Amino acid sequence: MRLRTLIPATAALGAAAVGYATVIERNWFVLRRYEVPVLPPGSAPLRVLHISDTHLTPGRKRLMAWVRALDELDPHLVVNTGDSISHPQAIPGFLDALGPLLDRPGVFVLGSNDMYAPEPHNPARYLMGPSSRWRIKKEPDLPWEKLCDELTAAGWLDLNNQRGRLTAGGLDIAVAGVHDAHVKRDRYEKVAGQADPAAGLRIGVMHSPEPGLLDLFAADGYDLLLAGHTHGGQLCVPFYGALVTNCGIERERVRGLHRHPAEGPAWLHVSAGLGTSPWAPARFACRPEASLLTLTPR
Ligand SMILES: [Fe+2]
């Protein structure tokens, strides 16, 4: 192929890929389903809906409608691992998207994007290492306290460096979580200690799946560890996967269900999340997702 043909063909291919990633795949939501054998013998199955990284901005009506319809899955428990908003006026839309899910038992932690409004940057920066390296703001400028107030007023447990206890689907569940380690707000010492062995299930919740935190939760006896933050790599290579994880976890566990540690007793689910930063509004080979984890007896 001659150069004067190759250049326009390459440009056309690139434009098509950008169009696909920003318009089609970014709105091509998918529900992942997993079965996790983590309950005591004889327990009835428990449906846990895991949502993460919606990064909601006003006007994302498709995303809001898709999230709202997740209530049809009839989950016993909803877990939100943060980065829910990316705009100062996004909270009403986020609550509206959750809709009837707020009437169910739920827990949440925050991510950095719930606190710091995203700023314009080169989208390629996402591929250049953890974004915490680039953060320069000192003070939060998003209404994260209002977000927490609204969710707790609905009955959801705030697990930012806190423990909690709830009943879902008739099961007694001990829960604990940490704030976002990506911006050094995690304080594991506030939740440290053996998870109650008398509970039917123990769940550890965090935004960023940093290996050190996963080790701590697993060592304290948490059966199921839930995290988001990675966006599954967001811009992936077909048949290869994520190029970056944006945190300390390895590429192979950038999303999906795995054990932690590799041969250990705990299960880890990392959600690839539902959104993107408004300044990098593209996903490629990494569809936006929510997950329904059906917990079953060991
Ligand atoms: Fe995120």
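Q: Which residues of α3 are buried?
A: In this predicted model, the buried residues of helix α3 are Ile91, Gly93, Phe94, Leu95, Ala97 and Leu98.

Q: What follows α3?
A: Glycine 99 follows the helix, and its phi is positive, near 45°.

Q: OK, let's look at α5, which residues are buried there?
A: Helix α5 covers residues 211-219, and within it Leu213, Leu214, Phe217 and Ala218 are buried.

Q: Why would residues a few places apart in a helix point the same way?
A: An α-helix has 3.6 residues a turn, so residues three or four places apart point the same way.

Q: What do the buried residues of α5 pack against?
A: They pack against a set of strands, namely β7 (171-177), β8 (201-205), β9, β10 and β11 (266-270). After α5 comes glycine 221, which has a positive phi, near 95°.

Q: Switching to the iron ion, which protein donors does it have?
A: Its protein donors are Asp53 and Asp83, each through OD, and His55 and His231, each through NE2, at 2.1 to 2.2 Å from the ion.

Q: How are they spaced along the chain?
A: The donors follow the spacing D-x1-H-x27-D-x147-H. Aspartate 53, in the loop between β2 (46-51) and α2 (61-69), and histidine 231, in the loop between β9 (224-227) and β10 (256-260), are 178 residues apart, so to speak of this pair is to speak of a link between distant parts of the chain.

Q: Are aspartate 53 and histidine 231 buried or exposed?
A: Aspartate 53 is buried, and histidine 231 is buried as well.

Q: What's the geometry of the iron site?
A: The site is irregular, with angles of 89 to 170° among the 4 donor atoms.

Q: What about histidine 55, where is it found?
A: Histidine 55 is found in the loop between β2 and α2, and it has a positive phi of about 45° although it is not a glycine. With a relative accessibility of 3%, histidine 55 counts as buried.

Q: Now aromatics, how many pairs are found in the whole structure?
A: The search finds 4 aromatic pairs. One of them joins tyrosine 20 and phenylalanine 284, whose ring centres are 5.7 Å apart and whose planes stand at 85°, so this pair is edge-to-face. Tyrosine 20 lies in helix α1 (residues 3-24) and phenylalanine 284 in the loop between β11 and β12 (289-297), so the pair ties together parts that are 264 residues apart in sequence.

Q: How are tyrosine 188 and phenylalanine 217 arranged?
A: They form an aromatic pair that is edge-to-face, with 4.9 Å from centre to centre and 90° between the planes. Tyrosine 188 is in the loop between β7 and β8 and phenylalanine 217 is in helix α5, so this pair ties together parts 29 residues apart in sequence. Both tyrosine 188 and phenylalanine 217 are buried, and Tyr188, Phe217 and Tyr222 form one aromatic cluster.

Q: Which rings have the charged end of an arginine over them?
A: The charged end of arginine 251 sits over the ring of tyrosine 240, at 4.0 Å from its centre, and the charged end of arginine 287 sits over the ring of tryptophan 28, at 3.7 Å from its centre.

Q: Last one, where is the cis peptide bond?
A: The cis peptide bond joins histidine 260 and proline 261, with omega about -15°, and proline 261 is placed in the loop between β10 and β11.

Conventions. Residues are numbered from 1 along each chain as its sequence is written. This is a predicted model: local features need pLDDT of at least 70, side-chain atom pairs count only at pLDDT 80 or more; totals for chains, interfaces and linings use all residues. Side-chain values use heavy atoms; hydrogens and water are left out. Donors are N, O and S atoms within 2.8 Å of the metal (3.2 Å for Na, K and Ca); water is not among the atoms, so sites may look incomplete. Four donors count as tetrahedral if all angles lie between 85 and 135 degrees; four count as square planar and six as octahedral if opposite donors are over 155 degrees apart and all others between 65 and 115; anything else is irregular. Helices (H or I, at least four residues) and strands (E, at least two) are DSSP runs, numbered from the N terminus. Buried means under 20% relative accessible area, exposed over 50%, partly exposed in between (1.4 Å probe, protein chains only). Contact means heavy atoms within 4.5 Å. Rings of Phe, Tyr and Trp (its six-membered ring) pair if their centres lie within 6.5 Å; planes under 30 degrees apart count as stacked, over 60 as edge-to-face and the rest as tilted. A charge sits over a ring if NZ of Lys or CZ of Arg is within 6 Å of the ring centre and within 35 degrees of the ring normal.
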